[in-house]
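Dear colleague,

I am handing over the structure below, which you have not worked with before. Please have a look at it, and then read on for what was found in it.

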Amino acid sequence: MPDLPDDTEAAEAESTPAGSTVEVAVSRKRPKPGERRVQILQTLASMLEQPGAERITTAALAGQLQVSEAALYRHFASKAQMFEGLIEFIESSIFGLINQILERETDGAVQARRIAQVVLQFGERNPGMTRVMVGDALVFENERLGARMNQFFDKVESQLRQSLRLAADGAGAAMPTVDANGRASALTAFLVGRLQRYARSGFKRSPTEQLDIALGLLT
């Protein structure tokens with residue numbers, strides 16, 4: 001984890017005539033408000049990667065950052081707001097990548113497979129965020145946080161449904177809407193299950209193992 005306390009600017013010495021005293025000016029620069037917010041969220045996500053870290057107190061978070069709890073509340077009104085910051089990062093990252101997939105791919109089945117890959121790869125690369133995505137880190141927090149993550153997966157399923165409907169139409173399915181709805185539901189449940197297994201295995205069971213085979217069956 002990166003060093004998060006306040007940065008110290010490098011000392012600068014001005015050139016002086018021989019024999020003169022060299023004065024060294026050292027100043028401490030505090031992080032800007034936006035920078036400190038990012039540090040808080042990065043540290044919270046990092047702490048969620050540790051075993052048994054489903055519930056993190058603001059005191060523990062402040063201790064990790066080497067600041068007071070009051071300093072945390074200058075940037076976030078509550079711990080719930082900190083988790084909302086993590087959820088916003090999850091949403092913007094994954095849906096940003098999904099939009100890129102939709103712009104580049106015209107095949108519905110390929111879209112669905114790549115959307116699934118994006119979700120699982122994001123979780124694999126961000127273990128602490130995975131605990132947020134599957135709700136383990138939100139059990140003792142405000143219930144609206146869990147509801148927001150449920151909405152996230154609802155949106156993922158909605159996009160999968162559209163992509164799979166496109167694929168079903170292209171394949172000449174007799175009931176493309178029914179086919180797409182069933183496949184999207186099964187694929188979303190698969191994504192959540194893989195992420196849950198990854199988190200509950202202590203991040204030892206990769207969510208992307210044998211992924212091509214699984215996606216071949218589901219799409």
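**Overall layout**

Read from the N terminus, the elements of the protein follow the order β-β-β-β-α-α-α-α-α-α-α-α-α, which comes to four strands and nine helices. Please keep in mind that this is a predicted model. Of the 219 residues in the protein, 42% are buried, and the accessible surface comes to about 12,100 Å², with 48% of that area belonging to carbon and sulfur atoms. Among the contacts with a separation of 6 or more, 63% are accounted for by residues 24 or more positions apart.

In soluble globular proteins, nonpolar side chains tend to be buried together. Here the largest nonpolar core has 54 residues, and those with the most contacts inside it are Leu61, Phe83, Leu86, Ile94, Val132, Met133 and Phe152. At least two residues of this core are supplied by each of the helices H1 (33-47), H2 (58-65), H4 (79-104), H5 (108-125), H6 (127-133), H7 (143-170), H8 (176-200) and H9 (211-218), and it is H4 that gives the most, with 10 residues.

**The largest pocket**

The largest pocket has a volume of about 220 Å³. It is lined by 13 residues, of which Leu41, Gln42, Ala45, Phe89 and Met129 are the closest to its centre. Helices H1, H4 and H6 are the elements that give two or more residues to this lining, and the largest share, four residues, comes from H1. Sorted by class, the lining has seven nonpolar, four polar and two charged residues.

Is Ser163 buried or exposed? Its relative accessible area is 1%, and because a residue counts as buried when this value is under 20%, Ser163 is buried. Leaving aside its neighbours within four places in sequence, Ser163 is in contact with Leu102, Gly108, Ala109, Gln111, Ala112 and Ile115. As for Ala109, this residue lies 54 residues from Ser163 in sequence, while the two are 6.6 Å apart in space, C-alpha to C-alpha.

With best regards

Notes:
Residues are numbered from 1 along each chain as its sequence is written. This is a predicted model: local features need pLDDT of at least 70, side-chain atom pairs count only at pLDDT 80 or more; totals for chains, interfaces and linings use all residues. Side-chain values use heavy atoms; hydrogens and water are left out. A nonpolar core is a set of buried Ala, Val, Leu, Ile, Met, Phe, Trp, Tyr and Cys residues joined through side-chain atoms within 4.5 Å. Buried means under 20% relative accessible area, exposed over 50%, partly exposed in between (1.4 Å probe, protein chains only). On a 1 Å grid over the protein atoms alone, a cavity is a set of points where a 1.4 Å probe fits but cannot get out, and a pocket is an open set with protein on both sides within 12 Å along at least five of seven lines; lining residues have an atom within 4 Å of a point. Grid points are joined across faces, edges and corners, and a volume is the space filled by probe spheres set on the points. Ala, Val, Leu, Ile, Met, Phe, Trp, Tyr, Cys and Pro count as nonpolar, Asp, Glu, Lys and Arg as charged, and the others, Gly among them, as polar. Contact means heavy atoms within 4.5 Å. Accessible areas come from the Shrake-Rupley method with a 1.4 Å probe; for residues, only the protein chains shown count as cover.
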